[in-house]
Amino acid sequence: QLQLVESGGGLVQPGGSLRLSCVGSGFALSDYTIGWFRQAPGKKREGVSCISPAGFSTNYADSVKGRFTISRDNAKNTVFLQMNSLKPEDTAVYFCAADPKGQSTVQAMCARDDFQKYWGRGTQVAVSS
């Protein structure tokens, strides 16, 4: 079964940093646009950052621009989300998702969560003192 597995979440103080990883199992992430999404209790899932198959195009939500950086290492079948200057409002379960190459732009990937082919089960990020 093809899977995406997130890791790297945890509890961090405001202003701190975390690096999330999304590892593909059973398929090559190099063939997919990858997105990071997050969902806090009682809120809808929102796109955080997305990256094209080769990593040349990226997209960020306005709320994380300048603080988060998405990157990928296709040789390791992994996509990362470096999160700096974390704020309490960043607290959420973070999911990664994949959609086949050529099916969407990174902008479209981050704008919707109803068409992606694969989803991970999420990793919890908590930002609190």
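Trainee: Is D62 buried or exposed?

Mentor: D62 is exposed, with a relative accessible area of 64%. Buried means under 20% relative accessible area, exposed over 50%, and partly exposed in between, using a 1.4 Å probe and protein chains only. Before we go on, please note that this is a predicted model, where local features need pLDDT of at least 70 and side-chain atom pairs count only at pLDDT 80 or more, while totals for chains, interfaces and linings use all residues. Residues are numbered from 1 along each chain as its sequence is written, and side-chain values use heavy atoms, with hydrogens and water left out.

Trainee: Thanks! What elements does the chain have?

Mentor: Helices (H or I, at least four residues) and strands (E, at least two) are DSSP runs, numbered from the N terminus. In this chain there are 1 helix and 11 strands. Reading from the N terminus, the order is β-β-β-β-β-β-β-β-β-α-β-β. The radius of gyration is 13 Å, close to the 14 Å that the globule rule gives for 129 residues, so the chain is as compact as a globular protein of that length. That radius is taken over C-alpha atoms, and the globule rule is 2.2 Å times the number of residues to the power 0.38. Along the principal axes, the C-alpha trace spans about 40 × 25 × 25 Å.

Trainee: How many of the 129 residues count as buried, as a percentage?

Mentor: The share is 44%. Among contacts between residues at least 6 apart in sequence, 61% join residues at least 24 apart.

Trainee: Now for charges. What is a salt bridge, and how many are there here?

Mentor: As a general idea, side chains of opposite charge can pair when their charged atoms come close. The rule used here asks for a side-chain nitrogen of Lys or Arg within 4 Å of a carboxyl oxygen of Asp or Glu. By this rule the count comes to 6 salt bridges.

Trainee: Which residue forms a salt bridge with R38?

Mentor: The partner of R38 is D90, and their closest N and O atoms are 2.9 Å apart. This pair links distant parts of the chain: R38 sits in strand β4 (residues 32-39) and D90 in the loop between β8 and β9, 52 residues apart. R38 is buried at 6% relative accessibility, and D90 is buried too, at 1%.

Trainee: And what does D62, from my opening question, pair with?

Mentor: D62 forms a salt bridge with K65, with 3.1 Å between the closest N and O atoms. K65 is exposed, with a relative accessible area of 51%. Another bridge joins D114 and R112 at 3.0 Å, N to O. There, D114 is exposed at 58%, whereas R112 is partly exposed at 46%. Salt bridges that share partners also join R38, E46, R67 and D90 into one network.

Trainee: Where is S85 found?

Mentor: Look in the loop between β8 and β9 (92-100). Phi of S85 is near 50°, again a positive value in a residue other than glycine. At 40% relative accessibility, S85 counts as partly exposed.

Notes. Contact means heavy atoms within 4.5 Å.
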